[in-house]
Amino acid sequence: MDQAAFETLCKWHEEGDHQTIVNYLEKTPRAGRDYQAQNLLARALNNLGKYEAAANELLAVEQQGAEDPMWHARLGYALYHLGSADEARRQFELTLALDPENEDAPLFLQALESLAPELYTEAQADAVQAHIASQFGAFESVFHEIVSPDLHVDIAVIPPGAGRDFYTLVTMGMGAHRMAVPEDLKTEGIDRAELLICLPADWQLQSSDERWYWPIRWLKALARLPGENDTWLGWGHTVTNDGPFADNTMLWGSLLTQPLVGGENADVCELPNGELVNFYQIIPLYEQEMGFKISHSADELLERLEPLPVVVEIGRPNVCEGEGGKQWAIAPDQIRELLTDWEGPTGCIATDRILVDGCEVGYMYRERPDEDRPDSGWRFTAGDESDEYMDDPANSEVYQLNTICNYDPDIIPLLDSPYGTAYWRDEDGEFQCEEFDPDEEIDA
């Protein structure tokens, strides 16, 4: 990098104009950027909070950075904010070894004492890897996870081969966490799990474009969901995304089922201590299909899906098209992210009076949901629905809470209310509150 460009970039850095630095440096492909440019780009990305991108840029010049304390410090900074405690700790220790006067590394090392991702033991990891190779096929490559805030989730990639014209991607690490299964299921050996998904042979696995990357993102998100939400995943469970996975598909969530590929023992791996790790295949679903499963059952949905879609088809027919194909009052691509601080399950149920007719929420209540569903417990109606209307399941569907917030933002301050809370609008349009027993079915 020439001196004039370096001085300009330093000036932008001092002015806090980090996005301009990124825009300038990314005009040159990575292969054409020198070591100094990579470091400056990573620094700017860190300052923008794009920590994974910063780590990737630094790792592209890993060999050159081996003896540079600032390279290690910047990588440690990115990994720290991504929650990858072990790797961040190692980078800050190397920073101090190369530069004992560094003032920031000891502070980060102290903070890192509180971070510790769950991991398989070496023997457990070996057993899981051996199971994947024997049941699903030898994996020639692995998507190694750079960041591990709570679990270290690598993804084994089994390429197309004899008898299979598709990729199989399998998580390795989710099962290190024992899931919070219901009390009556704790002896069933279903508290550990790994996930898999099958992709067409022409899928661009190395692309970072969301149209190709979403299955990898989704595998990692689902692997972490039980630990983050103190819940569990098992056969027949559905999990919703915040919208379509990418702009080239309307697939919106997924169903977990037994493996549709692999050997006859593919569904269960026995660890050295006798514990079991269950393997579930992800079948991506449309929003209407997820709603049908919740209002009916996983078995009924699977019957409709026959033959089951072993390999992801981004444009496959929607088997519940006739039951959810409605004209929404707000187009899906106009839904904004309004519910930014919500923690916990995001599913809810709302009537067509709101989503189709565009009415504001007139009555809302929060019941205690079933433990095995990603359900917030919230139910929303316009308040003028008849008993006959409410008795027809076609008039209600499952949505994301954020979607309902777009239809009526007035509900947002009320969503943290506990189970057993109901609100209705009075004549002045103001919400009034009442309480009820959250374990009893309410007559809406």
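In strand β2, the bridge partner of serine 141 is valine 157. The model is a predicted one, in which local features need pLDDT of at least 70, side-chain atom pairs count only at pLDDT 80 or more, and totals for chains, interfaces and linings use all residues. Residues are numbered from 1 along each chain as its sequence is written, and side-chain values use heavy atoms, with hydrogens and water left out. Helices (H or I, at least four residues) and strands (E, at least two) are DSSP runs, numbered from the N terminus.

Strand β1 (residues 141-143) is joined to β2 by three bridges, and the two run antiparallel; strands are taken to pair if DSSP finds at least two bridges between them. Strand β3 (residues 166-172) also pairs with β2 in the antiparallel sense, over five bridges. Within that pairing, alanine 156 has valine 170 of β3 as its bridge partner. Five of the five residues of β2 (residues 154-158) are buried, so the strand is largely enclosed by the rest of the structure. Buried here means under 20% relative accessible area, against over 50% for exposed and partly exposed in between (1.4 Å probe, protein chains only). In a regular strand the side chains alternate between the two faces of the sheet. Both faces of β2 are covered, with Asp154, Ala156 and Ile158 buried on one side and Ile155 and Val157 buried on the other.

An open sheet is formed by six strands in the order β12-β9-β11-β10-β13-β14, with mixed pairing. Its edge strands, each pairing on one side only, are β12 (396-400) and β14 (431-435). On average, neighbouring strands of this sheet are turned by 20 degrees against each other, direction ignored. Strands β10 (residues 363-366) and β11 (residues 375-381) pair in the antiparallel sense over four bridges, and tyrosine 363 has threonine 381 of β11 as its bridge partner.

Helix α6 (residues 69-81) packs against helix α7 (residues 85-98), the axes coming within 8 Å and crossing at roughly 155 degrees. Axes are lines fitted to C-alpha atoms, for helices over the stretch in contact, and angles run from 0 to 180 degrees between N-to-C directions. The two helices are therefore roughly antiparallel to each other, on a scale where angles under 35 degrees count as roughly parallel, over 145 as roughly antiparallel, 65 to 115 as roughly perpendicular and the rest as oblique. The crossing of α6 and α7 is left-handed, that is, the near helix is turned anticlockwise from the far one by less than a right angle, clockwise being right-handed. Residues in contact (heavy atoms within 4.5 Å) include Trp71, Leu75 and Leu79 in α6 and Phe92, Leu94 and Leu98 in α7. By class, this contact has 11 nonpolar, four polar and one charged residues; Ala, Val, Leu, Ile, Met, Phe, Trp, Tyr, Cys and Pro count as nonpolar, Asp, Glu, Lys and Arg as charged, and the others, Gly among them, as polar.

Helix α4 (residues 51-59) also approaches α6, with axes within 8 Å and a crossing of roughly 150 degrees. The crossing is left-handed. Tyr51, Ala54, Ala55, Leu58 and Leu59 of α4 make the contact with Trp71, Arg74, Leu75, Tyr77, Ala78 and His81 of α6. Helix α3 (residues 35-47) packs on α6 at an angle of about 30 degrees, with the axes 10 Å apart, which makes α3 roughly parallel to α6.
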